[in-house]
Amino acid sequence: MDLVTRQPRLPEPGETMAGTDFTTGPGGKGLNQAVAARRAGAEVMFLGAVGDDGFGGELREFLAGEGVDVSGLRTGPTATGIAQVSVLDGGENSIVIVAGANAADDLTDGDRAWIARAAAVVVQLERPLALVEEALAAARAAGALTVLTPAPVHPDAARLVALADILVPNEAEALALSGCADVEAAARRLSGAGGTAIVTRGARGVLVARDAEIVAAVPARAVDAVDTTGAGDTFVGVLVAWLIRGEPLERAVDAASVAASIAVTRPGAAAAMPERAEIVAALG
Ligand code: ATP
């Protein structure tokens, strides 16, 4: 759950200060990607954990309302994970994430059964690395398409790269994960042998590398962006929704780019994500 305060500046240690606004809303990479894929027409099972608290109930209801299957969403003894976002006057954000129930690190038999039935398994690093690694390995063994967003950046994430058929970092994550100084070299290295890396570059679009070669640079549509929160998650969800329908990678990348460019023109993360029909119409 995102807890967002607006305030003039960050308080000093020991200081209590007045903020000007407070909102809560569903958030997190996994949730955003699940909603993006669902709106783009995929059947989505959300595997994760919430706490036995108000936020947990709200998130479960929100996902179910979007048509995401939440029967694999566990309720644990730990509080629901939160992101406390301080939006400062001037627009800068400071964020504290507490993983809470998301820190639970065991893959259950139930999780394994869902993974074994999936056409694609999409993971990111707001869950523990060992759990993500196990999920990717189980998905690969089951023959599912494996898709990893290596975010937030984790120092040991390099060992996951070989388990992902498609890696979707943003530019900063690609540079951090590859150790390369420029984005093309990073994309080539992260795609490795037999893999695909799609580096998202905000308004500059995406760079696609396959088998250690750059195969495409897709520019972003020129739009008036009002809120880019969740742009990367929209991209991933729509990409996967297109791929599991059997669409070729180039068309899936186009659809994902168009969807993300639509999402940035509207406020909010999940709230801004387009439905399949809107994406198809924009693709022309
Ligand atoms: P976020 O953390 O805000 O979700 P991100 O850093 O993961 O985003 P970005 O690379 O910023 O991901 O954006 C993902 C994709 O969204 C881009 O590749 C592009 O297709 C689209 N996009 C983002 N910003 C813009 C923009 N200003 N104009 C058009 N498209 C955009």
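Q: What is the bridge partner of A197 in strand 11?
A: The partner of A197 in strand 11 is A209. Strands here are DSSP runs (E, at least two residues; helices are H or I, at least four), numbered from the N terminus. A word on the source: this is a predicted model, in which local features need pLDDT of at least 70 and side-chain atom pairs count only at pLDDT 80 or more, while totals for chains, interfaces and linings use all residues. Residues are numbered from 1 along each chain as its sequence is written.

Q: What makes strand 10 and strand 11 a pair?
A: Two strands pair if DSSP finds at least two bridges between them. Strand 10 (residues 196-200) and strand 11 (residues 206-210) have five bridges, in the antiparallel sense, so they pair by that rule.

Q: Why is strand 10 called largely enclosed?
A: A residue is buried if 20 or more other C-beta atoms, placed from the backbone, lie within 10 Å of its own, exposed if 12 or fewer, and partly exposed in between. Five of the five residues of strand 10 are buried, so the strand is largely enclosed by the rest of the structure. T196, I198 and T200 point one way, A197 and V199 the other way, and all are buried.

Q: What makes strand 7 and strand 12 edge strands?
A: The open sheet has six strands in the order 7-8-9-10-11-12, with mixed pairing. Strand 7 (120-124) and strand 12 (213-218) each pair on one side only. For strand 12, the pairing with strand 11 is antiparallel over five bridges, including that of L207 with A217.

Q: Which strands does helix 8 touch as it packs on the sheet?
A: Helix 8 touches strand 10, strand 11 and strand 12, and its direction makes about 40° with that of strand 12. Contact is scored between residues whose C-beta atoms, placed from the backbone, lie within 7 Å. Axes are lines fitted to C-alpha atoms, for helices over the stretch in contact, and angles run from 0 to 180 degrees between N-to-C directions.

Q: Why does D233 count as buried?
A: D233 has 29 C-beta neighbours inside 10 Å, so it counts as buried. D233 lies in helix 7, and touches K29, N32, Q33, A36 and A269, not counting residues up to four places away in sequence. The unreviewed UniProt entry places the feature "active site" at D233; such annotations may be inferred rather than shown by experiment.

Q: Which residues are closest to the ligand, and which helix gives the most to its shell?
A: A residue is near a molecule if its C-beta atom, placed from the backbone, lies within 6 Å of it. The ligand is surrounded by 22 residues, the closest being N170, T200, A231, G232 and A260. Helix 7 (231-243) and helix 8 (249-263) are the elements that give two or more residues, and helix 7 gives the most, with four.

Conventions: Two residues are in contact if their C-beta atoms, placed from the backbone, lie within 7 Å.
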